[in-house]
Amino acid sequence: MFGNLNSFHNTVAESKAERDQHDKLLTISTPGERLLIMAITLAFLIIGFWLYFGDIKQVLTSKAMLVEVDTASDSDNQLKSVEVYVWIRKEDAPQIIVGTPANLICHGESDTKSTHNGVITLISQNTIMQPDLIPVIADLSGGNLHKIGITLVDKINNASMLDKECQIDFQVGTVSPFQYFLLS
């Protein structure tokens, strides 16, 4: 019965040596290790503050066609507005209101892109097609055709962009990163 007592003591001694070795691995002993731990902690704090207090802009993107440019200029020689036709999904339509910032991205000659910033000044649901086809097209596309007027911040130099396809980005608000990652 007591023949394995020596073996038991050896096992306990080995376990104690292993625990001491693990404790030494977990001990932060050099200044470099302390700086690394502080940097990692600081990074986690910054990410946490950004997730809670930061904000992400919500942008809705749609294809558009530039149909009209107001050529009257103000005292700063800036164009006043443009009008575009845009398909807007039914669930996105309530978010796009007068005063919403918008970016109009048009493709010009030789694959050059020009971006024009502005604010929506007019929104109207448009019926340029045959009235009996509009409900069918709206159901198929999940949206409706709108004519949107945008007052520009910058100048459009090229009138040849009329009737060309563009992209329009509507900045409809901001959400916290925490909400953004949970809702998407």
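This briefing describes the fold, the strand pairing, the nonpolar core and selected residues of one protein.

The model is predicted: local features need pLDDT of at least 70, side-chain atom pairs count only at pLDDT 80 or more, and totals for chains, interfaces and linings use all residues. Residues are numbered from 1 along each chain as its sequence is written, and side-chain values use heavy atoms, with hydrogens and water left out. The protein comprises four helices and six strands, where helices (H or I, at least four residues) and strands (E, at least two) are DSSP runs numbered from the N terminus. Of its 184 residues, 25% count as buried, that is, under 20% relative accessible area, with exposed meaning over 50% and partly exposed in between (1.4 Å probe, protein chains only).

**Overall fold**

- Along the sequence, the elements follow the pattern α-α-β-β-β-β-α-β-β-α.
- Among contacts with a separation of 6 or more, 70% join residues 24 or more positions apart; contact means heavy atoms within 4.5 Å.
- The accessible surface amounts to about 13,100 Å², and carbon and sulfur atoms contribute 59% of this area. Accessible areas come from the Shrake-Rupley method with a 1.4 Å probe, and for residues only the protein chains shown count as cover.

**Strand S5 and its partners**

- Strand S5 covers residues 143-152, and nine of its ten residues are buried, so S5 is largely enclosed by the rest of the structure.
- Strand S2 (residues 81-89) pairs with S5 in the antiparallel sense over nine bridges; two strands pair if DSSP finds at least two bridges between them.
- Within this pairing, Val86 has His146 of S5 as its bridge partner, and Arg89 has Gly143 of S5.
- Strand S2 is itself mostly covered, with seven of its nine residues buried.
- Strand S4 (residues 113-125) also runs antiparallel to S5, and seven bridges join the two. Here Ile123 has Ile148 of S5 as its bridge partner.
- Asn144 lies in strand S5 and counts as buried because its relative accessibility is 19%. The C-alpha atoms of Asn144 and Ile88 are 5.6 Å apart, although the two residues are separated by 56 residues along the chain.

**Nonpolar core**

- The largest nonpolar core has 18 residues, of which Val84, Val86, Leu104, Ile148, Ile150, Ile168 and Phe170 touch the most other members. Such a core is a set of buried Ala, Val, Leu, Ile, Met, Phe, Trp, Tyr and Cys residues joined through side-chain atoms within 4.5 Å.
- Two or more residues of this core come from each of strand S1 (56-69), S2, strand S3 (101-107), S5 and strand S6 (165-175).
- Strand S2 gives the largest share, four residues.
- Not counting residues up to four places away in sequence, Phe170 touches Gln58, Val59, Leu60, Val86, Ile96, Thr100, Pro101, Ala102, Ile120 and Ile148.

**Cysteines**

- The structure holds zero disulfides, a disulfide being a pair of cysteine sulfur atoms within 2.5 Å.
- Cys106 is buried, with a relative accessible area of 1%, and Cys166 counts as buried at 3% relative accessibility.

**Aromatic pairs**

- There are four aromatic pairs, counted where rings of Phe, Tyr and Trp (its six-membered ring) have centres within 6.5 Å; planes under 30 degrees apart count as stacked, over 60 as edge-to-face and the rest as tilted.
- The rings of Phe49 and Phe53 have centres 5.9 Å apart and planes at 20 degrees, so this pair is stacked.
- Both residues lie in helix H2 (residues 31-53), four residues apart, which is about one turn of the helix. Phe49 and Phe53 are both exposed.
- Ring pairs connect Phe49, Tyr52 and Phe53 into a cluster.

- Ser176 occupies the loop between S6 and helix H4 (177-183) and is buried, with a relative accessible area of 16%.
- Apart from neighbours within four places in sequence, Ser176 is in contact with Leu51, Tyr52, Gly54 and Asp55.
- Phe181 lies in helix H4 and counts as partly exposed at 47% relative accessibility.
- Leaving aside neighbours within four places in sequence, Phe181 is in contact with Trp50 and Leu51.
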